[in-house]
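This briefing concerns a pocket and a helix that contributes to its lining.

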Amino acid sequence: MLFTSGAAAQQPLNEAERDRVFSEIRAYKHKLIAKELDLDNEQEKLFFPVYDKMDDQLQQIGAETRDLERNVLENVEASDTEVEAAAAAIYSQKQREGKVEAEYYEQFKEILSPRQLLKLKSAERKFTQQLVRQHRRSMRRQQKQ
């Protein structure tokens with residue numbers, strides 16, 4: 001459902017395919033979170049635009065950190081200062097993400113009940129676990145082919 005199978009999964013996705021896959025994953029994530037938090041229609045309309053904005057910022061932090069790490073590692077002439085700056089960025093990534101999440105927590109409090117707020121992290125973990133399970137199944141199917 002979430003991953004293409006067979007030979008298609010082995011080939012890099014073009015931008016349109018990548019956008020489609022990410023859109024499908026995000027829709028699945030919305031569905032799971034809405035169910036786990038028992039969101040009503042009004043809450044869904046208010047929550048997911050804010051949540052997606054946060055998620056986009058978290059993804060951007062991760063992408064920037066990975067790009068910096070890759071660029072410095074691939075640059076055999078990188079100075080110790082550049083390597084140290086890249087290492088510091090990697091080790092501070094969680095802090096940056098935590099700051100973003102804390103800012104959005106304040107907005108989520110206006111939409112979600114305290115119990116729903118508490119359940120949000122659990123729902124995110126459940127989504128990630130299901131995504132990993134699906135990926136493993138997909139990889140096993142590829143290996144059998």
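The points below cover the origin of the model, the pocket, the helix and a salt bridge.

The model is predicted: local features need pLDDT of at least 70, side-chain atom pairs count only at pLDDT 80 or more, and totals for chains, interfaces and linings use all residues. Residues are numbered from 1 along each chain as its sequence is written, and side-chain values use heavy atoms, without hydrogens and water.

**Largest pocket**
- By class, the lining holds 13 charged, 9 nonpolar and 5 polar residues.
- The helix α3 (a DSSP run of H or I, at least four residues) gives the most to this lining, with 11 residues.

**Helix α3**
- With 34 residues, α3 spans 48 Å from first to last C-alpha, close to the 50 Å expected at 1.5 Å a residue.
- At F47, shortly before the proline P49, α3 has a kink of about 30 degrees (the angle between axes fitted to the seven residues ending there and the seven starting there).

**Salt bridge**
- D55 and R26 form a salt bridge (Lys or Arg side-chain nitrogen within 4 Å of an Asp or Glu carboxyl oxygen), with the closest N and O atoms 3.2 Å apart.
- This pair joins helix α3 to helix α2 across 29 residues.

Notes:
Helix = DSSP H or I, 4+ residues; strand = E, 2+ residues; numbered from the N terminus. Nonpolar A, V, L, I, M, F, W, Y, C, P; charged D, E, K, R; others polar. Expected span 1.5 Å × (residues − 1).
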